[in-house]
Amino acid sequence: MSADRGHEQGAGRRTTRRFPLFTRDTARPEGGGRAASGDLPAPARQWPMLVVLAAVGVGLLLTSLDQFRIGALLIGAALLAGGVMRWILPSVGMLAVRSRFTDIVTYGVLGLAIVLLALMAQPKPWLVIPYLKDTLHFTMKS
């Protein structure tokens with residue numbers, strides 16, 4: 001009988017080890033609060049994310065207007081700026097997706113990769129890395 005009474009008291013707790021079908025209590029990422037005070041309009045509270053999205057939008061527009069290298073550089077720079085904002089600012093709003101470290105590494109690696117690929121794009125690359133050309137010729141020999 002005491003087992004039944006204990007079960008009645010713990011009726012709100014899960015009695016199974018299975019995960020619930022719907023998650024109701026996910027923790028917000030560190031720095032995931034508002035980037036500005038609550039009395040400002042919604043866009044102003046999310047200014048870091050809007051800065052990154054606006055720069056990526058301008059980069060995509062330049063790319064569509066046949067300025068591929070400049071547009072891709074701007075997209076990469078926007079991701080790098082997102083990583084820097086995530087590192088420096090205590091609260092970045094929706095720019096915070098995971099932990100601070102993971103966000104910084106993700107934005108940084110993706111931004112750096114896009115910048116390097118834009119600099120090495122053909123024709124007339126702005127950045128030439130000789131050993132990469134030698135590696136390509138070595139791997140493509142028949």
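At 18% relative accessibility, Q46 counts as buried, where buried means under 20% relative accessible area, exposed over 50% and partly exposed in between, with a 1.4 Å probe and protein chains only. Before I continue, please note that this is a predicted model, in which local features need pLDDT of at least 70 and side-chain atom pairs count only at pLDDT 80 or more, while totals for chains, interfaces and linings use all residues. Residues are numbered from 1 along each chain as its sequence is written, and side-chain values use heavy atoms, with hydrogens and water left out.

Let me stay with Q46. This residue is found in the loop between α2 (42–45) and α3 (47–64); helices here are DSSP runs of H or I with at least four residues, numbered from the N terminus. Which residues does Q46 contact, leaving aside its neighbours within four places in sequence? They are V92, G93 and M94, contact being heavy atoms within 4.5 Å. For M94, the backbone nitrogen lies 2.6 Å from a polar atom of the Q46 side chain.

I turn now to the charged side chains. How many salt bridges does a search of the whole structure find? The search finds two, a salt bridge being a side-chain nitrogen of Lys or Arg within 4 Å of a carboxyl oxygen of Asp or Glu. D103 is buried, at a relative accessible area of 0%, and R86 is buried with a value of 0%.

D103 also forms a salt bridge with R98, again between side chains, at 2.8 Å from N to O. R98 is partly exposed, its relative accessible area being 39%. Through shared partners, the salt bridges join R86, R98 and D103 into one network.

Finally, the surface. V84, W87 and I88 form a nonpolar patch there, with about 360 Å² of accessible area together. Of these residues, I88 lies in helix α4 (residues 68–88). Is I88 buried or exposed? I88 counts as exposed because its relative accessibility is 59%.

Methods. Patches are made of residues with over 30% relative accessible area and no salt bridge: like charges are joined within 9 Å, nonpolar side chains (Val, Leu, Ile, Met, Phe, Trp, Tyr) within 5 Å. Accessible areas come from the Shrake-Rupley method with a 1.4 Å probe; for residues, only the protein chains shown count as cover. Helices (H or I, at least four residues) and strands (E, at least two) are DSSP runs, numbered from the N terminus. A polar contact is a pair of N or O atoms within 3.5 Å; within protein, one must be able to donate a hydrogen and the other to accept it, and residues adjacent in sequence count only if both atoms are side-chain atoms.
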